[in-house]
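I opened a new model today and kept notes as I went. These are the entries, in the order I wrote them.

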Amino acid sequence: MAYEDLRAFIAALERQGLLKRITTQVDPILEITEITDRISKQLGPALLFEQVKDSSMPLLINAFGSEAHLCLALQRASLDELAEELDGILEFKSPEGWFEKLRMLPKLTEMASYLPKRVKDGPCKEVRITKDPSFDLLPTLKCWPLDGGRFVTLPLVFTKDPDTGTRNCGMYRMQIFDERTAGMHWHIHHGGARHYEKNRRLGRRTEVAVALGPDPATTLSAVIPAPEGIDEMLIAGFLRKRSVELAQCETVDLEVPANAEIVLEGYVEPDELRLEGPFGDHTGFYSLPDYYPVFHLTAITHRLNPIYQTTIVGRPPMEDCHMGTAVERMSRPLLRKQLPEIVDFHMPFAGVFHNLVIVSIDKAYPGHARKIMHAIWGLGQAMFSKVIVVVDKDVNVRDPAEVTWKVLNHIDPERDIEFVMGPVETLDHASRLPKYGSKMGIDGTRKWKEEGFTREWPEEQVMDKETRALVDQRWKEYGLG
């Protein structure tokens, strides 16, 4: 059964020994970050700080701090199990014939149960503050010494397309400017920014609702790069195996998860920008100050005795790395649906998501590796991939030693490395221009004669099966342990 809310997930973490309660008073200015960073680097437990200085709210952090945390959050034995489920849905075909349609009814009923459902009320509205709401209610963190202020770092930001009414839910940090205003750090490539830009051209303000601390699957749905027009709340329903209940906001025409701990309501004016940042980002470096839209707070609703869920980002490994792992595993079936020759792909933690993508392929023709590079650069947020390394299907993309060994042995640098220009991640501080720069592809596959390689390609040295079996049988005789 899906978790009813964040509290049910906290209870599950505690039962599994994956949560630590801290009763000592701690400061949200830097101290919580330093504690959490040390725990994150050890792949340690979720932390529930019960006494945060100058706040009555307990604070939850590192709830997704390892693959074990994620599997518990998604209630799967492994993340590969999740990928297999998604693969099954993508293989779904329209039934032909009466008997086949009848046989598919249970599957269709199950899929329909993932659709979000509107409810009249919910726990997120147990307390309603529509007069003089203030961000001071929240124990927001100043994460790193040079940060421009305190930030909301795990928000589910809801907006609506002014043309189609389509909902978008993304995760965009918010710097607190004062009691009633905050920065809305949505990048131009993201859904929320597209809604804002459409409204800006029409001279309209953009209504925004921010949910904090719903059930874990719903939180994770906000970081999954959904295809254009796909409702993230439908993805959340698939992850939960149960529809997400949505409640109407008080002051804006938007709906939010009814089981959220806290909801912030407000709007963004079409042409109001304010300097936001710097911010210690997931790259391990500070993202530089820049101008972003301003969120105006109109209401806060919350549960009785709410829990504030947040995160910190920085040099890997950290909590967001493991969230990225879930995104990676869910993206694999989607990627293979479009590019079936892909066997596997991996984004190592040290590559901070967009800097390095390693792809293994079932190479079938000359230039196949380069086709894959350019195809990935043409797919959604995969366009930000700074370096793409393509290897043969027998290479384990999650073994850095094997990848390094195979690629460096297989390349002639001048021949097998290519550079292209295009859009780059907003957080790429090394690009020659903001949001625009170069990217690199490396063809680490075996080279074919059809690709102009006229020399003989050597065989990899591997012991024969018979000798390996003999040594396996006699291993104890050797006295080697």
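**Second largest pocket**

I started with helix 11 (residues 400–410), which gives the most to the lining of the second largest pocket, with four residues. I keep in mind that this is a predicted model. I looked up the whole lining next and found 17 residues. Nearest the centre of the second largest pocket lie N409, H410, W457, P458 and E459. Which classes make up the lining of the second largest pocket? I noted nine charged, five nonpolar and three polar residues. The space in the second largest pocket comes to about 450 Å³.

**Cavities**

Rolling a probe the size of a water molecule over the atoms shows where empty space is left. I counted three cavities of 30 Å³ or more. How much volume does the largest cavity have? I wrote down about 50 Å³. The residues lining the largest cavity are H282, G314, P316, D320, C321, P348, F349, V352 and F353. By class I sorted the lining of the largest cavity into six nonpolar, two polar and one charged.

**Cis peptide bonds and one phi**

Most residues other than glycine have a negative phi, and most peptide bonds are trans. P316, one of the residues lining the largest cavity, is joined to P317 by a cis peptide bond, with omega near 0°. I placed P317 in the loop between strand 18 and helix 9 (319–338). The peptide bond from G277 to P278 is also cis, again with omega near 0°. Where does P278 sit? I found P278 in the loop between strand 14 (262–276) and strand 15 (279–280). Then I checked Q75, a residue other than glycine with a positive phi, near 55°. Q75 belongs to the loop between helix 3 (67–74) and helix 4 (79–90).

Strands of a sheet pair through backbone hydrogen bonds, either parallel or antiparallel. I traced an open sheet of four strands and read its order as 1-2-3-18, with mixed pairing. Helix 1 (residues 6–15) lies across strand 1, strand 2 (46–49), strand 3 and strand 18. I noted its angle to strand 1 as about 105°.

I moved on to an open sheet of five strands, ordered 19-20-21-23-22, with mixed pairing. Its edge strands are strand 19 (342–346) and strand 22 (417–423), each pairing on one side only. The twist averages 20° from one strand to the next. How many bridges join strand 20 (residues 356–361) to strand 21 (residues 387–392)? I got six, and the two strands run parallel. I also looked up S360, whose bridge partner in strand 21 is V391.

**Whole chain**

I ended with the chain as a whole, which has 13 helices and 23 strands. The radius of gyration is 24 Å, close to the 23 Å that the globule rule gives for 481 residues, so the chain is as compact as a globular protein of that length. Along its principal axes I read a C-alpha span of about 75 × 60 × 55 Å.

Definitions and conventions
Residues numbered from 1 in each chain as written. Predicted model: local features only at pLDDT ≥ 70, side-chain atom pairs only at ≥ 80, totals over all residues. Heavy atoms only, no water. Pairing = 2+ DSSP bridges. Contact = heavy atoms within 4.5 Å. Axes fitted to C-alpha atoms, helices over the stretch in contact; angles between N-to-C directions. 1 Å grid on protein atoms, 1.4 Å probe; cavity = no way out; pocket = protein on both sides within 12 Å on 5 of 7 lines; lining within 4 Å. Points joined across faces, edges and corners; volume = space filled by probe spheres on them. Nonpolar A, V, L, I, M, F, W, Y, C, P; charged D, E, K, R; others polar. Rg over C-alpha atoms; globule rule 2.2 N^0.38 Å.
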